[in-house]
Amino acid sequence: MAAAIEVDGLIKRYGSLAAVDGINFSVSPGTVFSFLGPNGAGKTTTTEILEGLRKATEGEVRVLGLDPWTEGAPLHRRIGVIPQDFRFFEKITPKEAIEYYRALFHTNVDPHDLLEKVELADKATSRFDTLSGGQKQKLGLALALTNDPEICFLDEPTTGLDPHARRAIWAVIRSLKKEGRTVFLTTHYLEEAELLADEVAIIHHGKIIASGSPTEIIAEHGLPSRMTVVGSPALASYLQMNLGAAAVVEDGKVSITLNDKHDALKILTAIEASGLPWTSFTTTHDTLDDVFVRLVGQMDEGALKTEGAK
Amino acid sequence: MKLSHIGADFRIVSRTYFRNPVALFFSLIFPIILISLFGAIFSATGSGAVSLVVVNQDHNPNGVGYTNESVAFLQALNATTLVKVSVVDVTPQNFSNYLGQNGDTTGLIIPAGFENDYLAQKPVNLTVFTNPEDAAAGGTVIGAVQGVSAAFNLHRVCGTGTCAPVIGFTTANVGSQVYKYIDYLIPGLIGFAILTSPMFSMVDIASSYRKDGIFRQLSLTPITRSEWLTSRILWYVALTFVTSAIMIGAGVLLFGAHVTLTLGLVPFLVVGPFFFVSLGMLAGSVARTPESAALIGNIITFPMMFLSGTFFQVSMMPAGLQAFARVLPLYYVIDGMNQVMLFSNTSRAFTDLLIVLIGSVVVFLLAVRLFKWRDE
């Protein structure tokens with residue numbers, strides 16, 4: 001099946017600054033693709049190029065087989081977009097906004113159904129300027145769905161929202177996927193990407209530094225899993241002697257690397273056999289967040305060292 | 001252009017407008033305040049010196065300038081402070097028509113040979129035009145001309161004997177309607193509304209919608225820039241009709257204004273907003289920030305607001321300013337409305353309309369071309 005989005009060697013320059021510096025990726029239809037990166041990494045620029053709002057300096061971009069910049073009109077009938085910090089006519093209500101879009105797109109969508117879907121039906125007749133941040137974002141989402149889009153572009157849809165509003169938006173994103181739509185989601189909440197995305201690309205300084213499914217990225221770039229036991233340095237020495245594993249003691253906790261899941265059982269058996277006091281244990285795995293912070297940190301450090309060497 | 005897109009956007013604009021108390025105040029209440037204020041100030045004070053339009057046919061023999069005596073006569077008239085002389089270049093045959101079309105109620109013709117005859121003490125006859133409907137102005141002008149003629153006659157006494165007065169005058173009627181300040185004020189203030197309402201709001205919209213990303217949002221829908229701008233134009237046309245009706249009603253009811261309500265007014269109420277909505281959009285589009293947009297908007301709007309015949313007739317302004325007024329688009333809108341509402345001069349109204357229409361098409365196309373709703 002042809003990719004929903006195909007990006008090949010995309011570059012966007014502003015003067016001498018390359019905001020996007022030669023990136024490649026593709027998004028399969030019906031999947032949730034999450035584009036991650038710190039602020040200023042090039043996420044929004046890339047997204048806007050895909051939406052046809054900005055012109056690429058170099059490279060090939062195809063969305064549903066169309067060139068977003070030159071074939072914007074046919075493309076916009078097939079995609080839905082919520083920009084970052086969605087704004088609309090202040091005195092207009094969500095119901096009227098959807099009626100407006102419905103007239104522009106010539107569709108028959110029922111405003112009430114759409115507002116139900118994004119959990120905004122109770123605010124159908126409130127003016128935009130009286131809506132909260134989360135409600136405004138939900139309206140943006142509803143408008144993006146007015147034309148029954150094949151791809152939804154959501155640019156940081158949950159930034160600044162409270163946990164409840166954020167979960168409501170997540171529920172909508174899950175239902176979009178269930179309906180077979182492709183979702184292109186930019187976010188800087190790693191948890192969001194890990195929960196929702198099939199595929200993730202991490203962009204930093206205009207370059208993609210990691211890509212794949214969240215599990216693949218963690219497996220490739222994450223640290224091994226660890227078991228942490230609350231216990232004494234004596235316990236650490238005992239485990240090191242009996243298991244031959246490196247045990248690190250920090251703040252009254254003993255931490256040991258787990259190479260596979262059977263290691264956990266061996267460690268627990270050894271602790272029991274030692275007769276030394278211990279209270280509780282936890283096992284920890286790297287999250288996408290840990291990987292992201294480490295990758296971005298390493299890259300920045302590397303950049304600083306390179307600059308320092310000059 | 002799709003009518004359904006324009007209609008959908010028109011509904012958005014009208015709702016936005018009706019839900020904005022400030023906008024409603026400025027389009028519905030403010031016109032009445034303006035009419036009342038200016039009508040009261042200027043109707044009550046009277047106009048001081050009577051405006052006297054003069055055709056001076058007494059040129060110097062070489063054809064350059066006017067003879068000393070004729071100029072001295074007009075200066076003497078001005079010096080009475082009863083009248084304020086303005087000289088126009090019109091043939092005597094067309095003079096009465098000219099006065100009628102410009103709403104002037106008094107006029108004076110100084111014939112060729114005035115100086116020669118006067119110095120040779122041969123009788124010379126001036127013609128004074130007055131309008132029976134404006135007897136006060138007519139009386140003032142006749143009194144002033146009589147007084148100055150008497151002084152000139154006395155100046156050239158014939159030796160010791162008495163001789164017949166040299167300068168005399170006959171009177172003729174101006175067949176025109178007598179216009180009051182309020183009559184000019186109504187087309188002037190309709191013009192004022194046609195200018196200010198769209199200019200201020202479109203300049204603001206052009207920059208604030210760009211800043212808030214609303215244009216980007218619209219660029220992702222099937223509506224085109226020309227459809228969007230057309231919907232705004234139609235809205236301001238509708239608003240102009242309402243505002244004009246309010247102003248005409250207030251002028252007639254409060255001050256007994258005299259206006260001819262003719263279909264000829266309609267094209268001006270359509271083309272005027274067409275021009276200024278487009279111009280506002282153009283001004284807002286070339287500016288980079290809302291602040292500079294407001295500045296550009298004000299630079300364009302303020303001179304037009306005062307110098308296009310809004311509050312004061314252009315013919316009352318100094319010659320330099322009159323020439324300047326003629327490059328202002330609003331001048332042609334207001335002049336055209338004066339022609340159809342007061343003077344029933346359709347040919348001049350048509351010329352005015354044509355000028356504004358051509359200007360509108362040019363500015364509309366420029367605005368659609370220059371206002372971008374996405375970045376490169």
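Of the 12 residues of α3(A), 10 are buried, so this helix is largely enclosed by the rest of the structure. A residue is termed buried if 20 or more other C-beta atoms lie within 10 Å of its own, exposed if 12 or fewer, and partly exposed in between, with C-beta atoms placed from the backbone. The model is a predicted one, in which local features need pLDDT of at least 70 and side-chain atom pairs count only at pLDDT 80 or more, while totals for chains, interfaces and linings use all residues. Residues are numbered from 1 along each chain as its sequence is written, and chains are lettered from A and ligands numbered from 1 in the order in which they are written.

The buried residues of α3(A) are A:P94, A:K95, A:E96, A:A97, A:I98, A:Y100, A:Y101, A:A103, A:L104 and A:F105. They pack against α4 and α5 of chain A together with α1 (3–18) of chain B. Helices (H or I, at least four residues) and strands (E, at least two) are DSSP runs, numbered from the N terminus. From its first C-alpha to its last, α3(A) reaches 16 Å, close to the 16 Å expected at 1.5 Å a residue; the expected span is 1.5 Å times one less than the number of residues. The helix is followed by A:H106, whose phi is positive, near 55°.

Positive phi values also occur elsewhere in chain A. Most residues other than glycine have a negative phi. For A:L64, phi is near 55°; this residue is in the loop between β4 (58–63) and α2 of chain A. With 20 other C-beta atoms within 10 Å, A:L64 is buried. For A:E119, in the loop between α4 (111–117) and α5 (133–144) of chain A, phi is near 60°. A:E119 is partly exposed, with 19 other C-beta atoms within 10 Å.

Between the two chains, 20 residues of chain A are in contact with 21 residues of chain B, contact being defined as C-beta atoms, placed from the backbone, within 7 Å. On the chain A side, the elements that give two or more residues are α2 (72–76) and α3 (94–105). The most is given by α3(A), with six residues. By class, this side of chain A has 12 nonpolar, one polar and seven charged residues. Ala, Val, Leu, Ile, Met, Phe, Trp, Tyr, Cys and Pro count as nonpolar, Asp, Glu, Lys and Arg as charged, and the others, Gly among them, as polar.

As a whole, chain A has 11 helices and 13 strands, and its C-alpha trace spans about 75 × 50 × 40 Å along its principal axes. Buried residues make up 43% of its 310 residues. Among contacts in chain A between residues at least 6 apart in sequence, 68% join residues at least 24 apart. Chain B has 14 helices and five strands, with a C-alpha trace that spans about 95 × 45 × 35 Å along its principal axes. Of the 376 residues in chain B, 42% are buried. The corresponding share of contacts joining residues at least 24 apart, among those at least 6 apart in sequence, is 81% in chain B.

Two helix pairs were examined in chain B. The axes of α7(B) and α11 (residues 290–307) of chain B come within 9 Å and cross at roughly 170°. Axes are lines fitted to C-alpha atoms, for helices over the stretch in contact, and angles run from 0 to 180 degrees between N-to-C directions. The crossing makes α7(B) roughly antiparallel to α11(B), a term applied to angles over 145 degrees. Residues of this contact include B:F192, B:L195 and B:M199 of α7(B) and B:A293, B:G297 and B:I300 of α11(B). By class, the contact has 12 nonpolar, five polar and one charged residues.

Helix α7 (residues 181–211) of chain B also holds B:L185, which is buried, with 25 other C-beta atoms within 10 Å. Not counting residues up to four places away in sequence, B:L185 touches B:I35, B:F38, B:G39 and B:G251. The C-alpha atoms of B:L185 and B:F42, 143 residues apart along the chain, are separated by 9.8 Å.

In the second pair, α10 (residues 265–286) and α14 (residues 346–370) of chain B pack at an angle of about 30°, with their axes 8 Å apart. The residues of the contact of α10(B) with α14(B) divide into 17 nonpolar, five polar and no charged.

Definitions and conventions:
Angles under 35 degrees count as roughly parallel, over 145 as roughly antiparallel, 65 to 115 as roughly perpendicular and the rest as oblique.
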